[in-house]
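This report describes selected local features of a predicted model.

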Amino acid sequence: MTEILLRSKGSIGIMVEAEVIIPDIFAGKKKEEIEGLIVWQGPFSLPLAEFFDVDVRSGAGLLEDTGSDGTRPDETSILIEGDVSRVKRIGQGMKAGRIEIHGSAGMHLGAEMTGGSILVRGDAGSWAGREMKGGLLHIAGSAADHIGSAYRGSWRGMTGGEIRIDGSARSQLGGGLVGGQIVVAGNVENFCGIRQSGGLIVVKGSAMRGVGAEMNGGTIAVCGDIRQFSPGFIETGHEENVKLGDMQLEGLYAKFTGDYALGKNPKGSLYCREG
Amino acid sequence: MAAASNTTANTTIIRNGCVFDPLNGINGDIKDIFIREGKVVSSLTGAEMRDATIIDASGKTVMPGGVDSHSHVAGAKVNAGRLMRPEDHYKSVRTKTGITHCGSGYTVPSVYKQGYDYAAMGYTTVFEAAMPPLEARHTHEEMRSTPILDMGAYMVLGNNWFVMRYLKDGDIEKAAAYVAWMMRTHKAYGIKCVNPAGVENWGWAKNVHGLDEPNIHFEVTPRELIRGLAEVNEMLGLPMSLHLHTNNLGHPGNWEIARDSLMIPSGIEAKNRSELEWAKTKESAKRKQSLYLAHAQFSAYGGSSWRDFCSGAPELARYINQVDDVVIDSGSVPFGPATTMTGDGPGQHDLYMITGQKWSNCDVELECGSGVLSLVYMKSSPVHSVQWAIGLEVMLLIDDPWKTIMTTDHPNGGIFTQYPQLITWLMSKKARDDTAKECHKWAYDKSSLGGVDREMSLYEMAIVTRANPARTIGMAYRKGHLGVGADGDVTVYDINPDKLNVNDTAALAAKLARPDFTVKDGRIVARKGEIVSVPEGRRYYCRPYVDDALEKEMLSDVKDWFKYYTVGFANYPVPDKYLKNPVAIQVNRPLEAEDLVRG
């Protein structure tokens, strides 16, 4: 295993676009090579060293049983220290390996990732896990809008993998969700699971309004309250201690099908806790 | 490889290429092509030879520059497609270079990207297939900003209030006067007729479904409109024949109405009365057809619903094989993302009801309508698989390649950058069989494609992508061939006809997608897909005339009804300044045209 440490040099003005910060690119590179990777800030392209101190620690001792020299992406771990909430696209498109951020991350964290894992100990900006296809994105703090959703204009959001949010998320969580699962320990705001066609969203807290609007497949469960219920859902029964994938929910749930606002035969399921 | 020793002289020689020039009967002969001042010439002087740009095309395929006679690349509905599909843009971008603009868009690219992508693929001439009169300014603005390509646009007239009124009254002269005035006013090149009588009904959420079904208020039938506009077309003597998008387009079982529509102009003689100098060709470069059917794939459906949907292409092809007055373009479906856009508002609404995709719809006042929808054609879909098969059947079952033109009705059936893929299916049965295996089984079960052994040759490819589109739209006086006097538009493919293995699909598609050279007006514009120079294209339009007194009479009708427009009469025309490098084609003397129809 190789660990690469990025230490933020201080506050960042215009947001930095840093899709180079993925194990797939860092793997096997020397300190100087990583420092020289190009990121964009506004109209300027600058080396990564402009914003981060880089340190590479090879753990050769760990590699005896694999026979590898620790340069594969899946043996690469990136640790980021400091506030990177103005650094966008960390982990975008990553296929393997691990990223851990001791602070908050900017927009598009782990967007389009297909494998590996990301842990943010702080908060994540909007579009985290956007259109992700696989892997694990764990946000220990709270998340902003459009988590795991489709990007502008598209109705195909996250298709696989898992997003865990220990705090709350804002609006349009899982917009256009096709597959995979999103679990929010806290609350969500508006239009969670809008246009969802597959996959699973579990909100342990409450939702504001528009849950499952225009959904035609997949499952949403809200364990707290929904302040304004979407009008296009029809109640189809009650279930106790619902099991959704590998999730076991406690208590009595009302089950709804929808969204009939979208078509005549929608296949979306919405569970709401009754008691 | 080619040594291009560019100097100040404007002469170019393409040496020793295997030339495919069907309008001159040249089938792979090894020849030199000489170009002076942008035009093909028979020879150059010694001094000119010394200074010429020389392209060594030994062992390579040389064809005239590609001509796309039906594509949606400019105007309001194309832009509506761009606006409603940001997802089509942010994943398909091209960065700027020292000489080119940046651009974006996969199914509906920006105008710059369109121009570069066509040129990189060996095409030099592209015609916009549907320009609503009220959107003519927008269309010309976009064409003006499209680099490299020579362009023109067909004006949509099949649901125009004035045309409908005159044809209902049987006043063909005034209809002709109106069309002539409209073409001059809006700088249009040809007449397009989209779902005649049906789009007008769409204003009342209705459509028409039969050729003899009169529409609301105007009480004119599709048959009267098709016949009338075809007559008007030949009375005026336009370079191109009437271009028809049939009724019931995109609906199961529509091959019959398509065939019956093709019969309507039967007997009307094709007359191109344009005043032009024609470049030298061995075969006649003048069109024979009185009807040019748009995107036949969408009009060649069998069955009675989507459940028993099947190909109707064999039946449609059987009729076309019997007659000489019809040309089709294919509107083939190569699978993948598309953006459907057409003046057929009700047709697009039906597609929206099936797919639930993003949809936009527009009513163009007294003139026409339109709809735009995003769509992905999937090999796993039974219907899409049959559409793929039909798009190839219409090319392969019509025996005479001079009756067919290869298109995708970009971006409706597919994207123009998929033409190379399309060509591989037309040239190789194995390529078709391989794709059919990846498709839903309906592809071969519900069509006759599996039993078709025909494989098109490079010569036939040159017909359906160059010679015939140019001839069909009346541009063969300068495009689609390499005879003396033709435009110096040449494509040099890295394909050695003697060593060509049509079954190596990937290699063939790659070579067709990125020709070694695209030459326009004697100047190299693209080299292996890279744009190396960016000349401004020309904009072609027709200026047909009728008798002054008739025109005055007609104009008083137009002014009378102009109160229904949201624009003022004075603001209606497209000013000359909207066109860069305009080429106005003068057409017709009215009296003899009238005699023609009455006689």
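## Charges over rings

In this predicted model, the charged end of B:Arg165 lies over the ring of B:Tyr166, at 6.0 Å from the ring centre. A second case in chain B involves a lysine: the charged end of B:Lys446 sits over the ring of B:Trp442, 4.5 Å from its centre.

## Aromatic pairs

Over all chains, the search of the whole structure gives 32 aromatic pairs. One of them joins B:Tyr301 and B:Phe309, whose ring centres are 4.9 Å apart; the planes stand at 80°, so this pair is edge-to-face. Angles over 60 degrees count as edge-to-face.

Both partners can also be described by their accessibility. B:Tyr301 has 0% relative accessibility and therefore counts as buried. B:Phe309 is buried too, and its relative accessible area is 0%.

## An aromatic cluster

Chain B also holds an aromatic cluster, whose members include B:Trp161, B:Phe162, B:Tyr178, B:Trp181 and B:Phe218. Among the other members of this cluster are B:Trp561, B:Phe562, B:Tyr564, B:Tyr565, B:Phe569 and B:Tyr572.

## Strand S6 of chain A

Strand S6 of chain A covers residues 76-81. Five of its six residues are buried, so the strand is largely enclosed by the rest of the structure.

S6(A) pairs in the parallel sense with strand S1 (residues 2-8) of chain A, over six bridges. S6(A) also pairs in the parallel sense with strand S8 (residues 98-102) of chain A, over five bridges. A:Glu81 in S6(A) stands opposite A:Arg7, and the bridge partner of A:Glu81 in S8(A) is A:His102.

Note on methods: Residues numbered from 1 in each chain as written. Chains lettered and ligands numbered in written order. Predicted model: local features only at pLDDT ≥ 70, side-chain atom pairs only at ≥ 80, totals over all residues. Heavy atoms only, no water. Phe/Tyr/Trp six-rings, centres within 6.5 Å; stacked < 30°, edge-to-face > 60°. Buried < 20%, exposed > 50% of the residue type's maximum accessible area, 1.4 Å probe, protein only. Lys NZ or Arg CZ within 6 Å of the ring centre and 35° of its normal. Helix = DSSP H or I, 4+ residues; strand = E, 2+ residues; numbered from the N terminus. Pairing = 2+ DSSP bridges.
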